[in-house]
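Try each task before reading its solution.

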Amino acid sequence: MSRFFARSDSESEESSSDDEITDKAPGATFKQSLLLSDDEEDTKRVVRSAKDKRFEELTNLIKTIRNAMKIRDMSKCLEEFEQLCRAFLKSKNIVDKEGIPPFYIRLLADLEDYLNQLWEDKEGKKKMNKNNAKALSTLRQKIRKYNRDFESEIAAYKENPQESADEEEEEKEPEDSGSSSDSEGEVSSKSFLKKKPEAPSEATKFLKTAKGSGDESSSSDEDDDDDGDWSPSDTGSSSETSDKEEENALKRKRLVTFLKVQRAQDTEKPGVRKEERKKKPKQKEQIEEEAEEEGGWEKVNRGVPLVKEKPKMFAKGTEINTAVVVKKLNEILQARGKKGTDRAAQIELFHALAAIAAENNLGQGILVKIKFNIIASLYDYNPNLAAFMKPDMWKKCLDCIDELLDILFEHNNIFIGENIAEDSENLAVSDQPFRVRGCILTLVERMDEEFTKIMQNTDPHSQEYVDNLKDEGRVCGIVDRLLTYLENKGSTEEICRVYLRRIMHTYYKFDYKAHRRSLGLQGETKSEQDQEESKEESKEESKEESEGEDSAVIMDRLCKFIYAKDRTDRIRTCAILCHIYHHALHSRWYQARDLMLMSHLQDNIQHADPPVQILYNRTMVQLGICAFRQGMIKDAHNALLDIQSSGRAKELLGQGLLMRNMQERNAEQEKIEKRRQVPFHMHINLELLECVYLVSAMLLEIPYMAAHEFDARRRMISKQFHHQLRVGERQPLLGPPESMREHVVAASKAMKMGDWRTCHSFIINEKMNSKVWDLFPEIQRVREMLVRKIQEESLRTYLFTYSSVYDSISMATLSEMFELEMPTVHSIISKMIINEELMASLDQPTQTVMMHRTEPTSLQNMALKLAEKLGNLVENNERVSDLKQGIYGGYFNRDQKGGYQQKQSYQRDQKSYQQKQSGYQRGGYRNQNQGNY
């Protein structure tokens, strides 16, 4: 029999003898039952039937499904419906006895009607994302199949849904009454702590006060004492209780802290329960105050003990040596990663342990090991990969890495490495060198990644971003120190990794010192006062100049080492791209172009990982801008064509995500792509990029359009440029241009008419200078190049457009019109005649251009139209026959060989243009990444 039923009835009170009354075994068992364990402290034990448990599980799942139905979350509905089916299968035995619950039938009927309604709403289905639409079709099929087993019940519910709802309420009432009767039957067990036992002890009296019954409980105690419910043995045992007052007082203190009092069961009214809930926090506060007054108990949270309280590192009198410190270090490390661990307190413990090791002169080996763990704990402070380090933790991390490098530089007898096993570590002071397991390179790489995260998650237009960017100097200093250390003690692979880190902090920065040095302007830019104030800086610069370590020399030295020693393709690929980017940034066009063509990266870049592909795109863009600055208009257009024609330049360069593609990626993919973004200070100006591309397209496309104005087979060189022209033509009211695109469109129209001055005024003005041209390092040279190109291409366009008007034209006149030198005009016209673009001849003595009339007659025009139509008919016939025979390459192969276009003027005009389209002009990244990235 349970101890709770030992003395529960009045009959047992009457039939019990005096000997049994004086026996204190029930009191002892009662006291033992009050001493709850830590696990039972916060849990309330309630006895429920299996039916209640199963039905409660079903109702909870049904509530979740109905909530998901309200917000049209089909994925959640599908997931919860599958769990509901499994839960219903588990409760099959209870359902066979009690019958299928009406609320279950109601959900099945409502869910099926709801899904059918959604399925018929075609407009609503179109607005759903892919996951919800897929879940809707899956759930609709499952519910239709599942409801076949409940057709009769669902039909009865649909015939009279009100009655079924009333039946369910009626079923709930007897269940409630049954539960109340059960609770009444269990009074002896559940309500035992609330009622007075036969032989009360000091513990039971204290229980009433801890329960917080207040005046009512005290009055009831007095009434009970007056009624004489207590047994006569109480007077006889008063001497015994007085002898044990001290013991009872100690037990009271324990009971106050560890006792969990149960509140009234289901028989009480809802209003009473609400009142008890309001009283409960007040009761807890009273109990805590009493505990503080009586025994000074302190409330602690769950978790590892070292988290809340700082334990003493070592007991008094303990001899502190290396083995003891290592043991304590391992004890602290055991809490790492556990739930509830206070990471900040753990870092403080590591610092305290390091101070103890330093005080006791245990050697640098144990200090290095502790430093490794401190830095690792700082990295673990944010368990989420997407979160970035807080400023205080970031400063601590930089300080710890600096201290660790100081120790490694000062003591050459310390060897660290990942290949050193923990068993073979030598941390004690001895004749042998210290051996510590750890990798300083991994810590520095993680530090570099954390710096990138900080810059990614900071508002680029705030002062905070500037303050954080100042830390880059310190980060580069740490990388340089590690580079010096590994050059002496590191392996080739580690040297290549740290060299790449140094390259990644250098390749995108323009070296103004080297630029001024090359132009001989370094001494002229500073005034005398600046030179006096910055004497120390000038000394350092003079040292650097004497050593010749500008950015170009550093990049060349680091990259060539990686080219020769690296065994992994990724590091070498990144080094090549960074080297090309740096060459292009400093206007070394030929070195950058040759390195790109020799590396053949464009052949297999589509197989690289997305960060490398982003770096490739950035390099190609910088290469195109460099070609534009050098006046290589065709090369610039070809290099920028893939990026600009895709319409996703912002995304391909890692400078942001496009909103139109947000529906195609889930939340996890969006987080991954945000981590790939380039920090703001490394961005390439997208407006400058687009302007360079459109101006290059204008200088190529306008003369070509003028030359092939009546050619039906004319092809577009730049689709984006034609799109901008069409947008400009659609505008009903043309005002003065405002945006960069409108300036380029207006300049194109002026060039088409041969008016180079108007074109020049639209391309180069104050607004365009502030937006675009002033961003180049050599502003004046770029402007002069642009003016020259506009004059030359305007001359070619003028000759193409108005050649039919002239019989002859003097080159001196053309030279005056376009403000070009005579040799330049002669060169341009000669090239046009040689390439058969202009039907004319030069009269050398008179310096005139004699035009040859080549206008076809009406018969010739009709013959040309007939030939054109016949050619189209043959092409269509070839396509149809190839499709029927299953051959898809005949027409296209013949077309590539020039079968139908060999004698067209377009081929002659574009022959040199197509031959110069090298592999780097059409990298495979855009085509491959239309869906993947």
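**Exercise 1.** Is Y104 buried or exposed, and what is its relative accessibility?

Solution. This is a predicted model. Take the accessibility of Y104: it is 0%. The cut-off for buried is under 20%. Y104 therefore counts as buried.

Now take the ring partner of Y104. The centres of the Y104 and F150 rings are 6.1 Å apart, with the planes at 75°. Edge-to-face needs an angle over 60 degrees, so the Y104 and F150 pair is edge-to-face. Then place the two residues. Y104 lies in helix 8, and F150 in the loop between helix 10 and helix 11 (151-159).

**Exercise 2.** How many aromatic pairs does a search of the whole structure find, and how are the rings of F55 and F103 arranged?

Solution. The search gives 18 aromatic pairs. For F55 and F103, start with the distance: the ring centres are 5.9 Å apart. Next, the angle: the planes stand at 85°, so the pair is edge-to-face. F55 sits in helix 5 and F103 in helix 8, 48 residues apart in the chain. Both F55 and F103 are buried.

**Exercise 3.** What span should helix 6 have at 1.5 Å a residue, and how far apart are its end C-alpha atoms?

Solution. Helix 6 covers residues 74-90, which is 17 residues. The expected span uses one less than the number of residues. That gives 24 Å. The end C-alpha atoms are 24 Å apart, which agrees.

**Exercise 4.** Repeat the check for helix 47: what span should its 13 residues have?

Solution. Helix 47 runs over residues 822-834 and should span 18 Å. Its end C-alpha atoms are 18 Å apart, in agreement. Its buried residues include T824, V825 and I828. Helix 45 (779-802) and strand 4 (840-843) are among the elements that cover the buried residues of helix 47. After the helix comes E836, with a positive phi near 60°.

**Exercise 5.** Which ring does the charged end of K125 sit over?

Solution. Look at W119: the charged end of K125 is 3.8 Å from its ring centre. Then find K489, which lies over the face of F415, at 5.3 Å from the ring centre.

Definitions and conventions. Residues numbered from 1 in each chain as written. Predicted model: local features only at pLDDT ≥ 70, side-chain atom pairs only at ≥ 80, totals over all residues. Heavy atoms only, no water. Helix = DSSP H or I, 4+ residues; strand = E, 2+ residues; numbered from the N terminus. Buried < 20%, exposed > 50% of the residue type's maximum accessible area, 1.4 Å probe, protein only. Contact = heavy atoms within 4.5 Å. Phe/Tyr/Trp six-rings, centres within 6.5 Å; stacked < 30°, edge-to-face > 60°. Lys NZ or Arg CZ within 6 Å of the ring centre and 35° of its normal.
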